[in-house]
Each structure stands twice: as structure tokens, then as C-alpha cells.
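User: Hi! I'm new to reading protein structures, and I'd like to go through one step by step. Could you help me with some questions?

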Amino acid sequence: MDNDDNINKTSEIRDLFNSFSTSNDFINHQGSYNGVGYWVSYYRSLIDAQELHKSVLSVIPTMEQINLEQLKDSIPIEDTLITSTKTVVEERIMRGNIAIRLDANLDECLLINVVAQHGRQVDKPELEFGIISPQEAFVEDIDINLNLVRKRLPLPSLQVTQLTVGTLSKTKVAVLSIDGIVDKENVETVIQRINEVDFDEILDGSHLAQMLYDDTSTLFPLFLYTERPDRIASALAEGKVAMIVDRSSSALIAPTILLEYFITMEDYNMPWVPASAFRLLRIFAVIFSIFATPLYVAVLTYHYELIPKDLLETIVTSRNLIPFQPLIEALFLEISIELLREAAARLPTKVGQTLGIVGGIVIGQAAVVAGLTSNILLIIVALSALASFVTPIYKMGNAIRLLRFPFLVGAQIWGLLGITISAVFLMTHLIKLTSMGHPYLEPIYPFHLKDWKDSFVRLPFNFFKSRPINLRTENTARQPKPQKKIIKKNDFNE
């Protein structure tokens, strides 16, 4: 039976290298030194050719006798392994290792990590740019991203659990948490859900997040998607769990609450009064973005009596030659704005900026002159679009953009009652939502007064004595009590 197992293992290794050889970028070089034949196999698109020649091939001529153990000890590279396991050989070669085999035993491989370090350097954040914040953002390399987090949290208790998802992509996922602070149930839940992901291709963190959501049909993001290492460090210190996905330039935070999506890291880098004022401004802007256009449609369709007399004449004059109902007029402008925004996002930066500015001015002015829309609605829609841009988290901004349309339909059908019904449905949905089993509307529902210190406003840091209640952290204290100094008799003499 042992001989049969060895034959099968040998057959598996040789079949593996034969399958590799069908690709044009796979090199299977045969050489000989001092009468010993050897094979060097690798994907040239994955390895660093200079490192291969400098640290590996240059060592072979210096050896008196070639064998894998001596070669492993002679090569000045730490990440080496001798194995005959097919799965290990396949995984490591696809990660940028080279395999050295001897003719005497072709089923045993010396694997050497000489992966090419291609990729961009750490740069400024693009989506979460800040003026008085650290100017570092995640890149597509998981090790660099882990380094950026560990620089901010130099703790041995910062635990990293590495998993692999995707039967084709073999994507590495690192789950981060601080032992002694985080609720271990949250970490176990995250790891369990990642292990249950059954999909062939995971190329980005947003792909993975959608498969881990409590409710996959919601419009709202349930994991906070950020490109800032300082935000990840802050979340870990609070007792949250972070996920860094290889080849993704952003990381995930869970669990999250709704109000977190309107908070920027700059809120903590300025005095609490302006920070609170700017945070309230963002929340007001989001509410205005959702309700401004539906209120215009509802009032003009059903509730003229709510308009002051001085303003009513201006509105009637602006709509005197408009042949459409307020809903059609509003939809025309809203869809035009969305088209301009989407087109600008897909074009090169300079062209996109020009299109967004010039296109908005030209189309808006032409629509008013042609009598397709009123100038008052044009102002309202433009302000609504501008207000939607203040949301710091891009995915939440997308949700806010889409929320206006159900409210518009409700306003056209039932007026203010339709807006109220739509708002009730929205609040019911938000109350039911959970992120990793934690309420999405906390601290509003369930009501936690202590957590309001960092919700709609940001109070001074001396109020931050405990971590959020909903996270159920093992260590709730954020301001450890200072140790009392023991005064000795000699101290009085001094």
C-alpha cells in the first residue's frame, strides 16, 4: 500500500508540472551540475527574475554536491520549504515561488519565495481625503496594509487571523481584532461567515462584504468600507473587527451603525465644537438631499395652501409655460444629474470635471429656456445633488442618491401623506437592520444615552470614558484609572 501511495504522489506532482507547462509563461528549465540533473520551474510573470539569478541560480555552481537540504541552507532567502504535497506546491508556485527538483527524486520540491513586488506605493486617500488627518491610504498588498495598521497599534494583543476564500481567486483575508477588548463572539461570527463563503472568485472587499451581510437585499452598507488605516485603528480600539482583503485598496469594519457613515476622522482632529457643527451639517445635508425634491412635488401637486403668498406668485410665474406635471419635471432633472455624475465618474479625471461643470450649466440653462423645467426646481435639484456629496463614505452616498426616487413617487401619489408613509417604511427597515447581529440604529434604537457622546455631536474627549455599549467589549474602560504613587519614607527626606 505504501508503494502505491508513493507512485500516486509521484504521478500527482508530475501531472501538476505538466499542467503548468501548458501555459506559455511557465518556465520549466532543465540543468545539470557535477553530473546531477535538476529542474527549475516557475511562472515568469510572478517571480522577480533578478532575485532568481542573484540569490538562487548563482548559488548552485558554488556547491560541491547538489541536494535540496544543502541548497535550502545555502540560499540567502528565509521563506523556503521542501515538500512533496501537491496542494502546497500548487499554492506556493501560484503565489510566486520557484520549484527546484532533482532527477533522482522528481516528486520532492524545494520551494523558494522570489515573488515580484509589483504594485503602487502608499499614497493619499482618494475618497476619504482629509486636510488635518494622516495622508496614508491602503494599497492592494495585504502585507503593506497590515503594516500600516500595526504602526498605529504596536500591540502584541492585536491578533490577525488569515483565511482564504474563492476556489479560483484564492484570495487571502486577514481578520483583525484586539484581544482583551473585542467581544470574541464577534470575531468568531466573522470567521465563521467567511469560512462559509462558497464562491469561485473574490477579487475585492466589497464582493466579500455583500456575502457576509445580515440582509443582502438592503440598500444600505452594513460594513464600513474605508481606505484609511487610522480609521481601522480607531475601530479596533473601540472593540470592532476589521477585515483586510488581499488585492483590495480598502478594508472592512464590522459591526457598524448608521451614524458612523456621517463621521470623518477629521472630527477627532479638531475641537469638539466645530467638529460637532460640521457633523450636524452633514446629517442635515443628507436629510435635505432626500426630502427637498419630494416636498416640492407634494406641495405643488396637493398643498398649494402651504406656500406663502409672496412666494406663490414667483412659483406660478416660473411654472407658467411648463407642460409637465411636477413629478415628470423633477424626474427629468434628477435623472439628468445622475447621468452627468455617472458619466463624469467613468471618464478621465480632467474630462470628467469639465463635463460635470459645463454639462450641468448648459443642460440646466437650456432646460429652463426651453420651458421643460422651472428655475426654482433646478435650484432645488442642484442643492440636493450638492448635499448628497457631503457623505464621507461613498457607498452610503450611493444609497442616499437612490432614496429620493421612492419618496418622489410617494409624493406624487399621496402628497405629504405619501412622504410620511415612505419615511415610516424607511424607519421600519432601518430598525430591523442589523450589522453582525448588532442594531443598525443604535444609539437611537435601542436607546443608549452613554453612546450619544459620539453620535450626532462629538463631545470632548474627557467624556469618552467607556467603549460603545452595543459592542459588548471585554474591557469597557477607555481611560484607565491612574495608579496611585506609593510614597516611601525616604521621599520625605529628599
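Predicted model: local features only at pLDDT ≥ 70, side-chain atom pairs only at ≥ 80, totals over all residues.

User: Which residues of α6 are buried, and how wide an arc do they cover around the axis?

Analyst: The buried residues of α6 are N186, V187, V190, I191 and I194. They lie on the same side of α6, because the arc they cover around the axis is only 130°. For α6, then, the names are N186, V187, V190, I191 and I194, and the arc is 130°.

User: What covers those buried residues of α6?

Analyst: The cover includes both strands and a helix. Among the elements are β6 (158-165), β7 (171-178), β9 (241-245), β12 (438-439) and α7 (205-212).

User: Several strands came up there. In what order do the five strands of the open sheet follow each other, and which are the edge strands?

Analyst: The five strands pair in the antiparallel sense, in the order β6-β7-β9-β10-β8. An edge strand pairs on one side only, and that applies to β6 and β8 (224-226). Neighbouring strands of this sheet are turned against each other by 25° on average, direction ignored. So the order is β6-β7-β9-β10-β8, with the edges at β6 and β8.

User: Which strands does α7 touch when it packs on the sheet, and what angle does its direction make with that of β9?

Analyst: Helix α7 touches β7, β8, β9 and β10 as it packs on the sheet. Its direction and that of β9 make an angle of about 135°.

User: Let's look at β10, residues 251-254. How many bridges link it to β8, and how many to β9?

Analyst: On the β8 side the pairing is antiparallel, over three bridges. Here Y225 has L252 as its bridge partner, and L224 stands opposite I253. On the other pairing, I244 has A251 as its bridge partner in β10. That makes three bridges with β8 and four with β9.

User: How many residues lie between β9 and β10 in their hairpin, and which residue in the turn has a positive phi?

Analyst: The two strands form a hairpin with five residues between them. The turn residue with a positive phi, about 70°, is R247.

User: Which residues of β10 point one way, and which the other?

Analyst: In a regular strand, side chains alternate between the two faces of the sheet. In β10, all four of these residues are buried. A251 and I253 point one way, while L252 and A254 point the other.

User: Is A254 buried or exposed, and which residues does it contact beyond its sequence neighbours?

Analyst: A254 has a relative accessible area of 1%, so it is buried. Its C-alpha atom is 8.3 Å from that of M243, which is 11 residues away along the chain. Leaving aside neighbours within four places in sequence, A254 contacts F223, K240, V241, M243 and M436.

User: Now the aromatic rings. How many aromatic pairs are there, and what kind of pair do F26 and Y43 form?

Analyst: The count comes to 13 aromatic pairs. F26 and Y43 have ring centres 4.9 Å apart and 65° between the planes. F26 sits in strand β1 and Y43 in strand β2, so the pair ties together parts 17 residues apart in sequence. The F26 and Y43 pair is edge-to-face.

User: And what kind of pair do F447 and W452 form?

Analyst: These rings are 5.8 Å apart, centre to centre, with 45° between the planes. F447 is exposed at 54% relative accessible area, and W452 is partly exposed at 27%. The pair of F447 and W452 is tilted.

User: One last question: which residues does L280 contact, leaving aside neighbours within four places in sequence?

Analyst: L280 is found in helix α9 (residues 272-302). With a relative accessible area of 41%, L280 is partly exposed. Its contacts, leaving aside those neighbours, are F456 and V457.

Terms used: Residues numbered from 1 in each chain as written. Heavy atoms only, no water. Buried < 20%, exposed > 50% of the residue type's maximum accessible area, 1.4 Å probe, protein only. Arc of directions from axis to C-beta. Contact = heavy atoms within 4.5 Å. Pairing = 2+ DSSP bridges. Axes fitted to C-alpha atoms, helices over the stretch in contact; angles between N-to-C directions. Phe/Tyr/Trp six-rings, centres within 6.5 Å; stacked < 30°, edge-to-face > 60°.
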